[in-house]
Amino acid sequence: MMRSFEELVAEADSVSVDGWDFSWLDGRATEQRPSWGYQRAMGERWARASAALDIQTGGGEVLAAAPVVPPVAVATESWPPNVAKATRLLHPRGIVLVADQDDPPLPFADAAFDLVTSRHPVRTWWDEIARVLQPGGTYFSQQVGPASVFEVVEYFLGPQPERSRRGRHPDDARKAAEAAGLEVVDLRAETLRTEFFDIGAVVYFLRKVIWMVPGFTVEQYRERLRELDRQIRGDGPFVAHTTRFLIEARKAG
């Protein structure tokens, strides 16, 4: 028997959303994973690097799982709770955490790294990535694609304009990378199924992924949440679709 609306919402509204660990959603939501296995592929590249940078590392959870850390290993993050968590996770691995504002310029010298990685960056500063890469160096990133989980976004905000729906398109990423002087050597995109099994999972997701419904609070959207709770109880999981793309770009040697 599913707990009451009030119980589910109160719990999800009070739990910590620090870091980038979504294990609280285990059994409450599912997200299909891309076929390319970013964490494994990223770890393989870190193992071969001599100097690597991970941009917008979040709480450091993905990077901390890398099997091998290169001699020079650095990560950046801007959100204070994530900075604290990433520091705790990454420093024991020999990875330096640099707190920055996620705005250019990156706080590193030209040609400082032979590998730059990033999982789900909010924004990709292509010119800065090209600047800090050594000749022959590589940028490797999994990114959120266009209209990702927009079933959730539009449930709360209504239909979004085509410009918003097309934002973060992989074709635009290719053009931006090439404009910065990088050669795109791999670009793949997938649409993946996401399911929310109770209203608490939706609340937690929107509190954690704050750009989906900017300024989201339970009080502001309580009635809409209540309607969605009734829908889930009557019709089953709320289904959305996540979009992801993988891009690998190389700086000329």
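Predicted model: local features only at pLDDT ≥ 70, side-chain atom pairs only at ≥ 80, totals over all residues.
The protein chain contains ten helices and eight strands. Its radius of gyration is 19 Å, close to the 18 Å that the globule rule gives for 253 residues, so the chain is as compact as a globular protein of that length. The C-alpha trace spans about 60 × 40 × 30 Å along its principal axes. Of the 253 residues, 50% count as buried. The accessible surface of the chain comes to about 11,900 Å², and carbon and sulfur atoms account for 53% of this area. Among contacts between residues at least 6 apart in sequence, 69% join residues at least 24 apart. The chain carries 30 positive and 36 negative side chains, with the centres of the two sets 2 Å apart.

In soluble globular proteins, nonpolar side chains tend to be buried together. The largest nonpolar core of the model has 33 residues, and those with the most contacts inside it are F156, F196, L206 and L225. Two or more residues of this core are given by each of α1 (5–14), α6 (150–157), α9 (199–208), α10 (222–235) and β8 (238–251). The largest share, seven residues, comes from α9. When residues up to four places away in sequence are not counted, F196 touches R28, A29, V149, V152, A201, V202, F205, I232, P237, F238 and A240. Another core, of 22 residues, lies apart from the largest one and includes W126, A177, F245 and A249.

Strand β8 also holds E248. The relative accessibility of E248 is 10%, which is under the 20% limit, so this residue counts as buried. With neighbours within four places in sequence left aside, the contacts of E248 are R45, T138, Y139, F140, E183, V184, V185 and D186.

Q134 is placed in strand β6 (residues 133–144). At 25% relative accessibility, Q134 counts as partly exposed, whereas E248 counts as buried. Residues up to four places away in sequence being excluded, Q134 touches A111, A112, F113, D114 and K251. The C-alpha atoms of Q134 and A252 are separated by 8.8 Å, although the two residues are 118 residues apart along the chain.

Conventions: Residues numbered from 1 in each chain as written. Heavy atoms only, no water. Helix = DSSP H or I, 4+ residues; strand = E, 2+ residues; numbered from the N terminus. Rg over C-alpha atoms; globule rule 2.2 N^0.38 Å. Buried < 20%, exposed > 50% of the residue type's maximum accessible area, 1.4 Å probe, protein only. Contact = heavy atoms within 4.5 Å. Areas by Shrake-Rupley, 256 points an atom, 1.4 Å probe, with all protein chains shown as cover. Lys, Arg positive; Asp, Glu negative; His and termini not counted. Charge placed at Lys NZ, Arg CZ, Asp CG, Glu CD. Core = buried A, V, L, I, M, F, W, Y, C linked by side-chain atoms within 4.5 Å.
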